[in-house]
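Let's walk through this model together, one region at a time. Please keep the sequence and the 3D view open as you read.

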Amino acid sequence: MRIVIAGGHGQIALRLERLLAARGDEVAGVIRRAEQADDLREAGAEPLVCDLESASVEEVAELLEGADAAVFAAGAGPGSTAGRKDTVDRGAAVLFADAAERAGVRRYVVVSSMGADPAHQGDEVFDAYLRAKGEADVSVRARSGLDWTILRPGMLTDDAGTGLVRLEASTGRGPVPRDDVAAVLAELVDTPATAGLTLELISGSAPVMVAVKSIAGN
C-alpha cells in the first residue's frame, strides 16, 4: 500500500512510518519544514513539504494522488494558541479530508482525542483543542466519499509499548503509550472493515491485532 500521513514529523507519525515501512508499505509524510525531512527518511518515509495551514485543496490532493490510504496525525502541538488549534486541529483535518476525496483516496484514518466534542465548554487552550478535534471529527463523519475510522487515544505516554490495548467505542479514560497508538493505526489502515467507527483506545489486555479484528465491522 501507499500511505500518506499528515503531520509526518509528529511523535505518533514517526513511529507509524517506521512500522509501515518495516512491513513493506510505501510511506510518505507531509511536513511543514524541510529540515524535518531527514528524520522521515530515517524512519523509511518519503518527506512531502507542505504547510497544511496555507495550502489549497488542489495542492494537497496532488500529494495524495495514487495513495491507497491517508492518515491525519497532524496537530498544532503543546504550547500552541487556541487560534492554531482551530487552523491545524480543525482546519487542516478538514482540508486533508477534502483533498483525499478529491484524489479518490477512500481509506481515511484520523488521530483524534478522547473527549473531542464540538460542544465542549471552557475557555482554556485545551478546551479549544477538544472543540477543534470534535468539529473535525464531525466533518469527517459526514463524508460518504471516505471509508473513515476515527481513533481517540487516551492520555499519551512515552512508555515502551506493550502491544496490549483496549479498543472500543467507549473505554473510559486511561493512558496509552504512543508506540501502541502507532501499532493500532497501522492495523486500522489495513482493516477497512473498521470504516464508519469512532474508537477510543487505552492500554488493556488484548493484543493489537486481536483488538482491531474484534471491533471490525461492529
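Helices (H or I, at least four residues) and strands (E, at least two) are DSSP runs, numbered from the N terminus. The model is predicted, so to speak of local features requires pLDDT of at least 70, side-chain atom pairs count only at pLDDT 80 or more, and totals for chains, interfaces and linings use all residues. Residues are numbered from 1 along each chain as its sequence is written, and side-chain values use heavy atoms, with hydrogens and water left out.

Let's begin with the largest pocket. On a 1 Å grid over the protein atoms alone, a pocket is an open set of points where a 1.4 Å probe fits, with protein on both sides within 12 Å along at least five of seven lines, and lining residues have an atom within 4 Å of a point. The volume of the largest pocket is about 1,100 Å³, where a volume is the space filled by probe spheres set on the grid points, which are joined across faces, edges and corners. Its lining has 40 residues, and Ala 73, Ala 74, Gly 75, Ala 76 and Gly 77 lie nearest the centre. Helix H1 (11-22), strand S2 (26-31), helix H4 (82-103), H5 and strand S7 (155-157) each supply at least two lining residues, and H4 gives the most, with five. By class, the lining has 19 nonpolar, eleven polar and ten charged residues; here Ala, Val, Leu, Ile, Met, Phe, Trp, Tyr, Cys and Pro count as nonpolar, Asp, Glu, Lys and Arg as charged, and the others, Gly among them, as polar.

Now for the interior. A nonpolar core is a set of buried Ala, Val, Leu, Ile, Met, Phe, Trp, Tyr and Cys residues joined through side-chain atoms within 4.5 Å; buried means under 20% relative accessible area, exposed over 50%, and partly exposed in between (1.4 Å probe, protein chains only). The largest core has 36 residues, of which Ile 5, Leu 151, Leu 167 and Val 184 touch the most other members. Helix H6 (residues 178-189) provides the largest share of this core, seven residues. A second, separate core of 34 residues includes Ala 67, Ala 70, Ala 93 and Ala 100.

Val 30 lies in strand S2 and counts as buried because its relative accessibility is 3%. Leaving out residues up to four places away in sequence, the contacts of Val 30 (heavy atoms within 4.5 Å) include Ile 5, Cys 50 and Phe 96. Val 30 and Ala 74 are 44 residues apart in sequence and 8.9 Å apart in space, C-alpha to C-alpha. Val 71, in strand S4 (residues 69-72), is buried at 0% relative accessibility. With the neighbours up to four places away in sequence again left out, Val 71 touches Ile 5, Phe 96 and Val 189, among others.

Finally, consider a pair of aspartates: which of them is buried, and which is exposed? Asp 137, in helix H5 (residues 125-141), is buried, with a relative accessible area of 1%. The side chains of Asp 137 and Ser 112 are joined by a polar contact of 2.6 Å, that is, a pair of N or O atoms within 3.5 Å in which, within protein, one must be able to donate a hydrogen and the other to accept it, and residues adjacent in sequence count only if both atoms are side-chain atoms. Asp 123 sits in the loop between strand S5 (107-111) and H5, and counts as exposed because its relative accessibility is 81%.
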